[in-house]
Amino acid sequence: MISQPQGWEIEQKHSLEQRFRQFLDGHLEQEMLRFTTAGSVDDGKSTLIGRLLHDTRNIYEDQLASIRASRVNRSGRDVDLSLLTDGLRAEREQGITIDVAYRYFSTARRKFIIADTPGHEQYTRNMATGASTADVAIVLIDARAFKRVGELLPQSRRHTYIASLLRIPHVVAAINKMDLVDYSPEIFDQVSAEFSELADRLELKSIEVIPVSALCGDNVVERSQRMDWYGGPTLLEYLETAPLALREASGEPLRFPVQLVARPNAEFRGFAGRVERGEVRTGMRVRALPSGRVTTVKRILTYDGELPAAGFPLSVTLELEDEIDLSRGEMLVSETQLAPHIRSSFRAMVVWMHAEPLSEGRTYLAKHTTRTVRASVRRIRYRVDIHSIEHQQSSQLQMNDIAEVEFTTGLPLFFDAYADNREMGALILMDPVTNATVGAAMIVSDLDEGGRHTALEEARCGEQEAALVWLRGREQVAAALLERIRQAGRAAVILDDPLIPDSSLPAVMRALQLAKVTGISSRSDLSRATLAALQELAGPRFFTTAEAAATLAEAAPSQEAK
Amino acid sequence: MNTDKIASEEIAKQLSRKRLNHLQALEAESLYILREAVAEFAHPVMLYSIGKDSSVMLRLAQKAFYPGKMPFPLLHIDTSYKFPQMIAFRDEYTKSIGAELIVHRNEAAIAQGASPWKLGTQNCCGALKTRSLLDALNEGGFDAAFGGARRDEEKSRAKERVYSFRDAAGQWDPKNQRPELWSLYNSRLRKGESIRVFPLSNWTELDIWLYLYTEQIPIVPLYFAEEREAVIRGGMITMLHPGMQLLPSEKPEKMMLRMRSLGCMPCTGAIRSHAETLPQIIQELIGFRRSEREGRAIDHDEEGSMELKKREGYF
């Protein structure tokens, strides 16, 4: 046995500790990148992910042993790496992946979240799901199939189209199965040229094309010795250096949808939410939507202390200088930066995800940021034929259809175009009866209706069906008006319950507006502040005579009451 | 509790310098999920298993509702087979942070002597964990339950949603889960239906340990290596515990052991380890070549066993 000098042992221990420190520091500095993979059943997608996990040493021994022992092996090699990701029984039996699976691995530089999405034709909805949160899309293209057919397969076009539809910032084409075309640079060049042309047509801003063999491990993690003609990055190098989406979302304008109002005690009221875009700072002048009230950010609170500023995607609690009406589903934006659209109609690209078709005239529930509203399908502008990417007429959408649709909502939404900001332009559609998530929508723009409303006027438009009528001291007139409005099929209430103090009337009025209920008061006196607030809230629908109010109420009976 | 104060201050400095590292990104996402669920569900509850993931989830809940208190109780499903150190930690820690704790046991099954030896691990879990959990959720009228499950734990969990929909019988149908896009979670329920919410979906085991370390979160001492008495039973290192029946052939031995994952005493194996501090555990983890659930008897009964359990209502 060779004895080691003592100094060597100490030195080795020291260097081990140092290496660990470096590891720890490195891991704490790691950024996080989300990517999705799109490919059809035969493109080798599961094998590619298995290869990424395996070659970056993110697979445990017992997991490898379990797939080695598996009855299934479709790879023709010792270990079928695709089995690492094919999780559920039904899938293994059918040999296909039927739902989005999330996978995790990390390298010295980054932590990665993979949304592994099945690319089979009928699973457009799954790819859209995986794509919705991705920074990067990997589109797998089968080099051998390309060689056989002489052009990109329709499925590759579809996958690239969906990546563009969901606005994944970076798209990389992994030309797989290069081993089956003798690592031919000619084939690679042909695929590259076609893919680049497609990317141009779809206006993809950032693309990359990489020749790989997932089965043999070429250019996935290890640089291929068999493709020395290729000088670009390996797939992993690309993933480790692609710019993160969060950089793009850190710029103006500020968007802060309120998730919760925190009232731990009588003295404190805070607004909890996530900065969806831009940065909020203490001392910043902010505008509350839809009320339009402007105030100043007093403090930005977190469990770990106060912050001078917070950017996307931090979850914080804001304390404001002034006591203003603001609740879940409403939003804070900067007073000076670009305001969002505030509209109750818009057009959006829809991915339909349910067996029961979408049809014109139907009403769904739409969740947008923290706001859930009723959304009716006014019109389907066109359906996209996913094979040719051409527009077609249609009055219904089937599962996995993609279309541009016009919606009108019961209450206005505060939104940006999806192309400008994913979080502020995205909605999910839910069935109001079954509660199923039936579709995803990405706002293209508002429906321009002659541009006659300013943003704040429009905000009130959706809510102004509710009027406020103040009939000072005329109790009987108030009661008669209530009866008349109700007979016209509209909702109204009398606000003269002594339990509602004068100062609470604006808050009550705001709630009534949301519920589209007209408020009637015959209070003999209202403070000047309350009166001003009510006049501002009700705008043109503030009335002081029963006649004026009744005419308006009867002229436009609401749909809900019919 | 086995912390490394100076190092953690150093780390805190680094954290403030960097714009957003992966732990901060994960934390921000988890806080968002916790707040969404509290805003949209009428009666949420947090499943508290006393383990490391629960400890992280609990800290995230404190953060999400700061400066307020956590707006929901904690629920522990006690199988009666938990390590005494876990129960002691549970009572002390939840009290120290002022959390409301509900402990639920399937007393009928316990009285009938339900055990993994008598029923097999599958059925024992079914009675003492799954049934007990469903009963507790029903009795409490909870429409949402936070759980600390992570997608990297096991294959069937890789497809789990952040909002996992359960029918009125508490069961999970993998083919009937709602698509989940962006961070727009569908919280709509009909009577009797419920949702399991997993704020730690995107965390890995390593993330959990790094976070415990940087946040200095207390955990059950069983996670740290110590000389403990154990026998090797069915290939699993089983620590001696109250109520344990030794077989004639079994000779307890003292070894340096720790738990990588905490469960019931008879069914959770220990690992040989010298890691006595969080940095040492993290260091050990990087060198690990085996997945954390390997020591759980329940996952290996049959290929795809976790999926079967989940369909029945297990977490």
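This is a predicted model: local features need pLDDT of at least 70, side-chain atom pairs count only at pLDDT 80 or more; totals for chains, interfaces and linings use all residues.
How many residues does the contact take from chain A and from chain B? It takes 57 residues from chain A and 53 residues from chain B, where two residues are in contact if their C-beta atoms, placed from the backbone, lie within 7 Å.

Residues are numbered from 1 along each chain as its sequence is written, and chains are lettered from A and ligands numbered from 1 in the order in which they are written.

## The two chains at a glance

Chain A has 16 helices and 27 strands, and chain B has 9 helices and 10 strands. Helices (H or I, at least four residues) and strands (E, at least two) are DSSP runs, numbered from the N terminus.

Of the 562 residues in chain A, 47% are buried; for the 315 residues of chain B, the share is 52%. Buried here means that 20 or more other C-beta atoms lie within 10 Å of the residue's own (12 or fewer is exposed, in between is partly exposed), with C-beta atoms placed from the backbone. Now take the contacts in chain B between residues at least 6 apart in sequence: 77% join residues at least 24 apart.

Let's go back to the side of chain A that touches chain B. Helix 1 (residues 6-29) of chain A gives the largest share of that side, 7 residues. By class, the side has 29 nonpolar, 13 polar and 15 charged residues. Ala, Val, Leu, Ile, Met, Phe, Trp, Tyr, Cys and Pro count as nonpolar, Asp, Glu, Lys and Arg as charged, and the others, Gly among them, as polar.

## Two crossing helices in chain A

Next, have a look at helix 5 (residues 124-131) and helix 7 (residues 154-165) of chain A, whose axes come within 10 Å and cross at roughly 45°. Axes are lines fitted to C-alpha atoms, for helices over the stretch in contact, and angles run from 0 to 180 degrees between N-to-C directions. The two helices of chain A are therefore oblique to each other; angles under 35 degrees count as roughly parallel, over 145 as roughly antiparallel, 65 to 115 as roughly perpendicular and the rest as oblique.

Who does the touching? Helix 5 of chain A brings T124(A), M127(A), A128(A) and A131(A), and helix 7 of chain A brings H159(A), I162(A) and A163(A). That contact has 5 nonpolar, 2 polar and no charged residues.

## A sheet in chain B

Chain B holds an open sheet of 6 strands in the order 3-2-1-4-6-5, with mixed pairing. Strands pair if DSSP finds at least two bridges between them. At the edges sit strand 3 (101-104) and strand 5 (163-166) of chain B, each pairing on one side only. From one strand to the next, the twist averages 30°.

Strand 5 of chain B pairs with strand 6 (residues 194-197) of chain B in the antiparallel sense over 4 bridges. In this pair, F165(B) stands opposite I195(B).

## A closer look at R178(B)

The loop between strand 5 and strand 6 of chain B contains R178(B). Why does R178(B) count as buried? Because R178(B) has 21 C-beta neighbours inside 10 Å.

Leaving aside neighbours within four places in sequence, R178(B) is in contact with A436(A), T437(A), R161(B), F165(B) and N186(B). The C-alpha atoms of R178(B) and Y163(B) are separated by 8.5 Å, and these residues are 15 apart along the chain.
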